[in-house]
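Thanks for making the time this morning.

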Amino acid sequence: MSAKIVNYQKLYNITENMTPLADDCGKLCGKICCRPDKNNTLGMYLYPGEEEMFTREEDWLRWERRNPGEDDFPASWNNPVYFICCTKPCPRKHRPLNCRLFPLAPHLLKDGTLLLIYETLYLPYTCPLIKRKTPLRQDFIDAVAHCWQELLTDRRISDLVEMDSREREKEGNQPFIVRIILPPLSRRR
Ligand code: SF4
Ligand code: SF4
């Protein structure tokens, strides 16, 4: 199947002003997920094609080109995959998609059902929202659900989410489910 490029501008627009809580959740933790660690190695991968949302002249970003084969991505991912580290606070409207969707993550069941869950990946800091399973704004959950439904139309991204989901299940990690999104009847397995 040919790779479909996601309309990132649309997803950035939907999430531009979205926040997980009505108040700034950064007040709960001193914005710990935005603080560089002592070696300044914290960062995130971009989704395929998301690099087009940046000029490469952002003075708050450091870029790395990584080989997806060496970084445990599915075989469908082409070289390179971009990994970015923010070296100072970003202009919020330009933050990458991963920051907009956090602290939720997708989990795909084998029948194609999409679960939105609190992130279960190891993080070098504690996010109070994840720790306390704080109820999040419904419009934030709606926006994240919309983004994931769009992102999963790109086969490379759905391969990655499937891989992470099987891994999570193998580890016996019981995700905390925030929303269940059934697949359209035509895509039920
Ligand atoms: S770590 Fe969690 S609570 Fe703190 S700013 Fe990030 S998302 Fe909000
Ligand atoms: S890009 Fe912005 S929102 Fe994302 S971690 Fe860095 S400072 Fe925080």
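Before the first sheet, a word on terms: two strands pair if DSSP finds at least two bridges between them, and helices (H or I, at least four residues) and strands (E, at least two) are DSSP runs, numbered from the N terminus. This is a predicted model, in which local features need pLDDT of at least 70 and side-chain atom pairs count only at pLDDT 80 or more, while totals for chains, interfaces and linings use all residues. Residues are numbered from 1 along each chain as its sequence is written, chains are lettered from A and ligands numbered from 1 in the order in which they are written, and side-chain values use heavy atoms, with hydrogens and water left out.

By that pairing rule, strand E1 and strand E3 (residues 81-86) are antiparallel and joined by 2 bridges, with Tyr-45 standing opposite Phe-83 of E3. They belong to an open, antiparallel sheet of 3 strands in the order E1-E3-E2, whose edge strands, E1 (44-45) and E2 (61-66), each pair on one side only.

The other sheet to look at is also open and antiparallel, with 3 strands in the order E4-E5-E6. Its edges are E4 (104-108) and E6 (177-181), and the twist averages 25° from one strand to the next, where axes are lines fitted to C-alpha atoms, for helices over the stretch in contact, and angles run from 0 to 180 degrees between N-to-C directions. In the hairpin of E4 and E5, with 5 residues between the strands, Gly-112 takes a positive phi near 95°.

How much of E4 is buried? Here buried means under 20% relative accessible area, with exposed over 50% and partly exposed in between, using a 1.4 Å probe and protein chains only. For E4 that holds for 5 of the 5 residues, so the strand is largely enclosed by the rest of the structure. Leu-104, Pro-106 and Leu-108 point one way from E4, while Ala-105 and His-107 point the other way.

Helix H5 (residues 138-151) lies across E4, E5 and E6 at about 50° to E6, whereas helix H6 (residues 155-170) lies across E4 and E5 at about 85° to E4.

Beyond its neighbours within four places in sequence, Leu-136 is in contact with residues including Pro-20, Leu-104, Tyr-118 and Ile-141.

Finally, the ligands, where a residue counts as near if one of its heavy atoms lies within 4 Å. Ligand 1 is surrounded by residues including Cys-25, Gly-26, Phe-102 and Cys-127, and helix H2 (26-29) and helix H4 (128-132) each give two or more residues to that shell. Around ligand 2 we find Cys-33, Cys-34, Trp-60, Cys-86, Cys-90, Pro-96 and Cys-99.

Key. Contact = heavy atoms within 4.5 Å.
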